[in-house]
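Me: I have a structure open and want to learn how to read it. Can we go feature by feature?

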Amino acid sequence: MSQSNSKSENVPSLTVLIPAYNEEFRITETLELYAHYLSNSSRWQDRTSILVIDDGSSDNTARVVSELETKIPTVCTSLPTNQGKGAALAYGIQHIVKQRHKEESANPRIILTADADGSARIDDLEAFFRVMEEELASNSTIDENEYSQPLLVNGFRTYDSPSALRLFFRWGFRSVVRSVCGDLNVQDTQCGFKLMTLPAAQLLYTNLHLPGWSHDVEVLYRAKQRGVRVREVSVLWEDKHGSKLVSSPGGVLAVCGKMFGEVVKLRFNYAMGNWKV
């Protein structure tokens, strides 16, 4: 096979993976915006799909997604009960792997995780992909499928008009994570916008022990333990009205307290060997 044909077959397909819980009023705008951008991108228009994982919603999220018509193939799969954002992402990755086994295409597949409210600017995907390409190319051999390498490109949220309260809690949680888990090689442990190769997704999200808000920390901790390369790219972020974090029982303080306890639990159990990757 010629070198040019080999490179052509190595152009990746993309799955945008979106966990959703009671998002019937916000997810339509997100899907339409993302689909419009991807369908008009020369890179992604013919090689992209969107997978929404309905995390046991009690509203009409699944129906809204299923009835939506976009130029990008969009599928919604539902969990029977609400299990948490991390659990929904892990389930979605298992679904992608199973579908991958059925595909005839030799092209590799990469995964972009994103939030249902569309907080992340989708066109920042290009910067993420450039970093992925550069990082994979610098560590691959001539005969190697570079996308067989585990690599995670993590988002670092930047704001046009940041909320002082949000920034304070983010700084506080990051300080807690660093003191408990050490340096995880990123500035932002909680960004939902991540681009990863399929091997990285399988390694980092299979059998997660923290299914909820704190799953990002476990994913990054696993990456550090297993030597998975992690790079970080800034993404313009807009906190949207209707945040699940703010509307949770007890509000932001209660959620942060719970997350702190989960981080301590994570560190203890991995250190004792009770949890393994």
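Me: Which elements make the right-handed β-α-β unit?

Reply: This is a predicted model. In it, strand β1, helix α2 (residues 27-39) and strand β2 form that right-handed unit. The two strands pair in the parallel sense, over seven bridges.

Me: With which other strand does β1 pair, and in which sense?

Reply: With β4, residues 109-113. That pairing is parallel too, over five bridges. Look for Leu-17, which stands opposite Thr-113 in β4.

Me: How do I read the two faces of a strand?

Reply: In a regular strand, side chains alternate between the two faces of the sheet. Now take β1. Ser-13, Thr-15, Leu-17 and Pro-19 lie on one side. Leu-14, Val-16, Ile-18 and Ala-20 lie on the other.

Me: Are the faces of β1 covered or open?

Reply: Both are covered. Eight of the eight residues in β1 are buried.

Me: Now a helix residue. Where is Phe-173, and is Phe-173 buried or exposed?

Reply: Phe-173 sits in helix α6, residues 164-181. The cut-off for buried is under 20% relative accessible area. Phe-173 has 8%, so Phe-173 counts as buried.

Me: What does Phe-173 contact beyond its sequence neighbours?

Reply: Leave out residues within four places in sequence. Phe-173 then contacts Thr-189, Gln-190, Val-217, Met-259, Phe-260 and Val-263. Take Thr-189: it is 16 residues from Phe-173 along the chain, and their C-alpha atoms are 8.8 Å apart.

Me: Is Asp-216 buried or exposed, and which side chain does its own side chain meet in a polar contact?

Reply: Buried: its relative accessible area is 3%. Its side chain makes a polar contact with the side chain of His-215, at 3.4 Å.

Me: Last feature. How do I find empty space inside?

Reply: Rolling a probe the size of a water molecule over the atoms shows where empty space is left. Here there is one cavity of 30 Å³ or more. The largest cavity has a volume of about 60 Å³.

Me: Which residues line the largest cavity?

Reply: Arg-174, Val-177, Arg-178, Gly-182, Asp-183, Leu-184, Val-186 and Thr-189. You have met Thr-189 already, as a contact of Phe-173 and of Asp-216.

Notes
Residues are numbered from 1 along each chain as its sequence is written. This is a predicted model: local features need pLDDT of at least 70, side-chain atom pairs count only at pLDDT 80 or more; totals for chains, interfaces and linings use all residues. Side-chain values use heavy atoms; hydrogens and water are left out. Helices (H or I, at least four residues) and strands (E, at least two) are DSSP runs, numbered from the N terminus. Buried means under 20% relative accessible area, exposed over 50%, partly exposed in between (1.4 Å probe, protein chains only). Contact means heavy atoms within 4.5 Å. Two strands pair if DSSP finds at least two bridges between them. A crossover is right-handed if, with the strands pointing away from the viewer, the path from the first strand over the helix to the second runs clockwise. A polar contact is a pair of N or O atoms within 3.5 Å; within protein, one must be able to donate a hydrogen and the other to accept it, and residues adjacent in sequence count only if both atoms are side-chain atoms. On a 1 Å grid over the protein atoms alone, a cavity is a set of points where a 1.4 Å probe fits but cannot get out, and a pocket is an open set with protein on both sides within 12 Å along at least five of seven lines; lining residues have an atom within 4 Å of a point. Grid points are joined across faces, edges and corners, and a volume is the space filled by probe spheres set on the points.
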